[in-house]
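Me: I have a protein model open and want to learn how to read its features. Can we take them one at a time?

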Amino acid sequence: MIQTRVLMDIYGDISGHELLKKFDMVIANSGGSLVLAALCQDMKLSEVTNVFMDKSLRKKVFSALSFWEKLKLKNIASLTNILGPKYSTERKLKGLTEVLKNKDHLYQSGQVAKPIIETPLHELPAIIRKESLQLLIVGFDYFKERASFFRSNTQSKTDKYSQYYQVTLGHAIHASSNAPVNYFDEPAFVNSKLLNGNDSRNNLYWDGAVSGFNNPVLAGLIEAKTNVTLATEQFCILSLGTGTGGRANIADYASSTDGKLTEIYNKNKENKLAYTKTSSNFFQDIKKMSTSILGDPPDSASFIAYCILDPLLNNDANLIRINPCIKPELNANKIYEAPAVYRGEPNGLDKFLRLIDMDMDATEDDEVALISQLCDKFIVNSNENCLPNQLIRGDVKSIHLGQGTFYEAKQRWLACANA
């Protein structure tokens, strides 16, 4: 929802194909792959947003496991919702297919012979009417235990060391959006076929985040650099996130030899907006490890990609990161508090706490309402009264890479894209 709302503010409520034709390459992972699938179907951005707003459609994708299904997993923690999968992988594919088929205007109007969701990736650029467009979706190969890239480009130099196996758009996004351990109950089943050959095989995949590409911008840059001859300054990259942040993590301040930091720790020891625990336990460790691959702090992918484009780190690279930064602010009394845009409204602290505690599988109406409000507070066309934007590195009050607000990032992107 955040990604589609950002794109709608920048480009207006245009159709998916019209938007895709403005780019030379689009790479997506996890939730972003669902947005890409909708754009490939030529849905308007407002339509894509409305899909995420519809609880009945969300529940088709996030289909909860029953008590008996959890029992089959032989995981006591899963039964108590402490740790373990909550959703059916098999029903996710059925849900994705059903939702996207019903929204497929191209197929329903007879413009294409088969549903877009059932179309191999390499056939999509022609349908979008931009043959040079390259599409990339990331997954994690369960058996080979490494990243796997589903490409539309059958001649990619990055993939010249192996033969091209085609997969449908549906299977690619099913693989890419299949978060393990605490979310879906089994790897995604994917069928691939050798292009112009007789080999067809089945494989299993987890979410592309497992391979380290939760933010796929670095993989996209490498794909572009190996396939397109461009000067570094000609690269123009828009990187869209789905929100980052959380409590102020000051656990290490407890042992700091800097008196200023220990003062901050002591003042916020009981503060709900600060994480101050210095201990660990088994279940906490497993949960941290299983969810850390799906998080993005502090977004090393953007920084490494930026370094490739601008090794001197002069803030000259055209890599624009747009991602709401949801974190507390330290006031003059060294107490963490909710951002000003939440402090100024009724129940603002409660809303902010619920937002930073929200898991990635937000399916209830009240959770989606909080995300919609987040968009309203972030996508603001001024530098005032807004949530901050995620920087690529540094602090907005000192030396930094990136733009501190959505408005600044939007202006930088428009200047870059129109150059």
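Me: Which residues make the nonpolar surface patch of about 360 Å²?

Reply: This is a predicted model, so read each feature as part of a prediction. A patch is built from nonpolar side chains that lie within 5 Å. Here Phe67, Trp68 and Leu71 make the patch. Trp68 sits in helix H6, which covers residues 67–72.

Me: Is Trp68 buried or exposed?

Reply: Look at relative accessible area. Over 50% counts as exposed, and under 20% as buried. Trp68 has 59%, so Trp68 is exposed.

Me: How do I read Ala369 in helix H18?

Reply: Use the cut-offs again. Ala369 has 33%, so Ala369 is partly exposed. Helix H18 runs over residues 365–378. Ala369 and Gly16 are 353 residues apart along the chain, and their C-alpha atoms are separated by 24 Å.

Me: Which residues touch the most other members of the largest nonpolar core?

Reply: A core joins buried residues through side-chain atoms within 4.5 Å. The largest one here has 77 residues, and Cys40, Leu169, Ile173 and Ile322 touch the most other members. Another core lies apart from it, with 14 residues, including Phe235 and Leu401.

Me: What does Leu169 touch?

Reply: Leave out residues up to four places away in sequence. Then its partners include Ala37, Cys40, Ile116 and Ile137.

Me: What is the radius of gyration of the protein?

Reply: Compare it with the value for a compact globule. With 419 residues, that value is near 22 Å; the protein has 22 Å, so the two agree. The C-alpha trace spans about 70 × 60 × 40 Å along its principal axes.

Conventions: Residues are numbered from 1 along each chain as its sequence is written. This is a predicted model: local features need pLDDT of at least 70, side-chain atom pairs count only at pLDDT 80 or more; totals for chains, interfaces and linings use all residues. Side-chain values use heavy atoms; hydrogens and water are left out. Buried means under 20% relative accessible area, exposed over 50%, partly exposed in between (1.4 Å probe, protein chains only). Contact means heavy atoms within 4.5 Å. Helices (H or I, at least four residues) and strands (E, at least two) are DSSP runs, numbered from the N terminus. Patches are made of residues with over 30% relative accessible area and no salt bridge: like charges are joined within 9 Å, nonpolar side chains (Val, Leu, Ile, Met, Phe, Trp, Tyr) within 5 Å. Accessible areas come from the Shrake-Rupley method with a 1.4 Å probe; for residues, only the protein chains shown count as cover. A salt bridge is a side-chain nitrogen of Lys or Arg within 4 Å of a carboxyl oxygen of Asp or Glu. The radius of gyration is taken over C-alpha atoms; the globule rule is 2.2 Å times the number of residues to the power 0.38.
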